[in-house]
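Here's a quick briefing to read with the model open in your viewer.

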Amino acid sequence: MKGYLPVTLAAATCLSMLTALYMVFVYVPTEVDQGIVQRIFYFHLPCAWVTFLAFGMVAIAGGLYLWLGHKIWDDLGYAAAELGMLFCTLVLVTGSIWAKPIWGIWWTWDSRLTTTFILWLIYGGYLLLRSFADDTEEIARFAAVLGIVGVVDVPIIIISVRLWRTIHPAVLLTRQGEHGLEDPRMVATLLVSLGAFTIMFVWLLWVRLATLRLRSRVATLRRDLAVLEAGAHL
Amino acid sequence: MEHLGYLFVAYSSIFVLIGLYVIFIGRRQVRLEREVGRLETALHDVEQAAGVPQPPAEDL
Amino acid sequence: MLEGFGAIVRKDLRLEVRSGESTVALVSLSLLILVVMVLAFGPGGARRAEVAAGALWIALIFAGTLGASRALMAERESGCIRGLLLSPVEPATIYAAKLAVALIFMAEAGVAVLVMLVLFFNLEFGGGLLRLIPVFLLGALGLSALCTLLATVSGRVRAGGMLLPVLVVPLFTPALIAGSKASAALLAGQSLGAVATWLKLLCAFDVLFVTAGYLLFEHVILED
């Protein structure tokens, strides 16, 4: 049964993605103000959604690891953090590409992009930690704490950045047009996109988790081998 | 259709980045599976060898 | 609980009074940062208050991260973490004590920085500067909370000492925004009431992270 899951998830991902793409490029009408570039939104927002989903998962997995101690929670946290970074990068990249034709500049310090960038830095640090450190229990606990602290910080980052931006409205324009989805076809397309990305996230999570568990298995096997070899020499 | 280029680059970058990540995991997976196989065979060999009676300890 | 807290704080402060290492390091680093800021941005001009506020917070972050990690690492260097853990003091109390010590170190450096700010940026030794003190202390408290919780990374990981600022600074950004905005306003002559929103944000940040640190510290303080 287990062997079928990744294949099912992969198939579901392909299917939902193709549907979403169809809806984005064929079905949904073009937005009046921004033209066809606005269609970036239908994938940009789901990327942000997955980012928050992933980072939330890092914290929850961290909490569960600290509470229950089973390695799988640690692996889940690590996998979720990597995926979160991937999609966070995509939010920044697509956001930047969207900004250029609309406002003429590659980057604007508007509250949403700035918040996303700060998150990117926080979880970048998390991944740096993981890559520099060995796969020990201490590091796993530290990473869990870091993940929880990161998520705890998010609301206050959002508030402070928003306050910061209202005081200096100079360079930027607030992102109107994002939530002005007048046509119900736009809402439908967005929902399908969100669904497709969520399924893709689950699939990628599963796949990444599998490699992390393999890594743990390698470590266990190496340990057993070392013990046996030491015993054989006695 | 203005700004078509931007639209194209945006969507391509999404799929390219995700695709690269999937390739990265795929290669990790293959490498780890190979390692697991190697270790399991090695473990099996050592276990077999341990089953063989040990040579008598040297008299001091 | 209070006795344990007091004992650890007294011990660390006594160590510091004897050697003075951390204070010297903190003050020198702060001085250097301020010098660089003055040379890079110029001391005078219309935006003096903003640049001075920025310099203050940059000095706080970098010197503070350094100082706070030393507060915990003192034990690590002599292999005394086990002793600390074996004592009847709870990990959460150890956290509170380390937090207090880190805060004291930062406050020390802060005094030096404020004096240097006046000299370098031609500010007044007056009301604005005094009103800056609570803002600075609130920021230092939040920074101490984060640094004390995460300082154990310095010892455990390759390049851990460099990793600590990388981890702490992004987490600290809300306090940085609030603190530097409030500081700039205060140095430009405004009252504390005018920056009330920023102060509330700083307080919320502190409550959040001191609590988080207090609850989570036991998971990161492990013997080597």
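In this predicted model, helix 4 of chain A packs against helix 8 of chain C, with residues such as A:Leu121 and A:Phe132 meeting a set that includes C:Leu163 and C:Pro170.

- From helix 4 of chain A come A:Ile118, A:Leu121, A:Ile122, A:Gly125, A:Leu128, A:Leu129 and A:Phe132, and across from them in helix 8 of chain C sit C:Leu163, C:Val166, C:Leu167, C:Pro170, C:Leu171 and C:Thr173.
- Sorted by class, that contact has eleven nonpolar residues, two polar ones and no charged ones.
- As for geometry, the axis of helix 4 (residues 111–132) of chain A comes within 9 Å of the axis of helix 8 of chain C, and the two cross at roughly 155 degrees.
- Angles over 145 degrees count as roughly antiparallel, so helix 4 of chain A runs roughly antiparallel to helix 8 of chain C.
- The handedness of this crossing is left-handed.

**Chain C against chain A**

- Zooming out to the whole contact, chain C puts in 26 residues and chain A puts in 27 residues.
- On the chain C side, helix 7 (153–156), helix 8 (160–187) and helix 9 (196–220) each supply at least two residues.
- Helix 8 of chain C gives the most to that side, with ten residues.
- The class count for the side of chain C that touches chain A is 19 nonpolar, four polar and three charged residues.

**Chain B against chain A**

- Chain B also touches chain A: 28 residues of chain B are in contact with 31 residues of chain A.
- Chain B itself has one helix and zero strands.
- Of the 60 residues in chain B, 7% are buried.

**Chain A on its own**

- Chain A has six helices and zero strands, and its pattern along the sequence reads α-α-α-α-α-α.
- Taken along the principal axes, the box filled by the C-alpha atoms of chain A is roughly 80 × 45 × 30 Å.
- Buried residues account for 42% of the 234 residues in chain A.
- Take the contacts in chain A between residues at least 6 apart in sequence: 83% of them join residues at least 24 apart.
- Helix 1 (residues 4–27) of chain A has 24 residues and spans 32 Å from first C-alpha to last, close to the 34 Å expected at 1.5 Å a residue.
- Which residues of helix 1 of chain A are buried? They are A:Thr13, A:Ala20, A:Met23 and A:Val24.
- Helix 2 (41–68) and helix 6 (184–232) of chain A are among what covers those buried residues of helix 1.

**A closer look at C:Ile94**

- C:Ile94 sits in helix 5 (residues 91–121) of chain C.
- Why does C:Ile94 count as buried? Because C:Ile94 has 23 C-beta neighbours inside 10 Å, and the cut-off for buried is 20 or more.
- Setting aside neighbours within four places in sequence, C:Ile94 is in contact with C:Ile8, C:Leu84, C:Val89 and C:Ile221.
- C:Ile94 and C:Gly6 are 88 residues apart in sequence, with their C-alpha atoms 10.0 Å apart in space.

Notes. Residues are numbered from 1 along each chain as its sequence is written. Chains are lettered from A and ligands numbered from 1 in the order in which they are written. This is a predicted model: local features need pLDDT of at least 70, side-chain atom pairs count only at pLDDT 80 or more; totals for chains, interfaces and linings use all residues. Two residues are in contact if their C-beta atoms, placed from the backbone, lie within 7 Å. Helices (H or I, at least four residues) and strands (E, at least two) are DSSP runs, numbered from the N terminus. Ala, Val, Leu, Ile, Met, Phe, Trp, Tyr, Cys and Pro count as nonpolar, Asp, Glu, Lys and Arg as charged, and the others, Gly among them, as polar. A residue is buried if 20 or more other C-beta atoms lie within 10 Å of its own, exposed if 12 or fewer, and partly exposed in between; C-beta atoms are placed from the backbone. The expected span of a helix is 1.5 Å times one less than its number of residues. Axes are lines fitted to C-alpha atoms, for helices over the stretch in contact, and angles run from 0 to 180 degrees between N-to-C directions. Angles under 35 degrees count as roughly parallel, over 145 as roughly antiparallel, 65 to 115 as roughly perpendicular and the rest as oblique. A crossing is left-handed if the near helix is turned anticlockwise from the far one by less than a right angle, and right-handed if clockwise.
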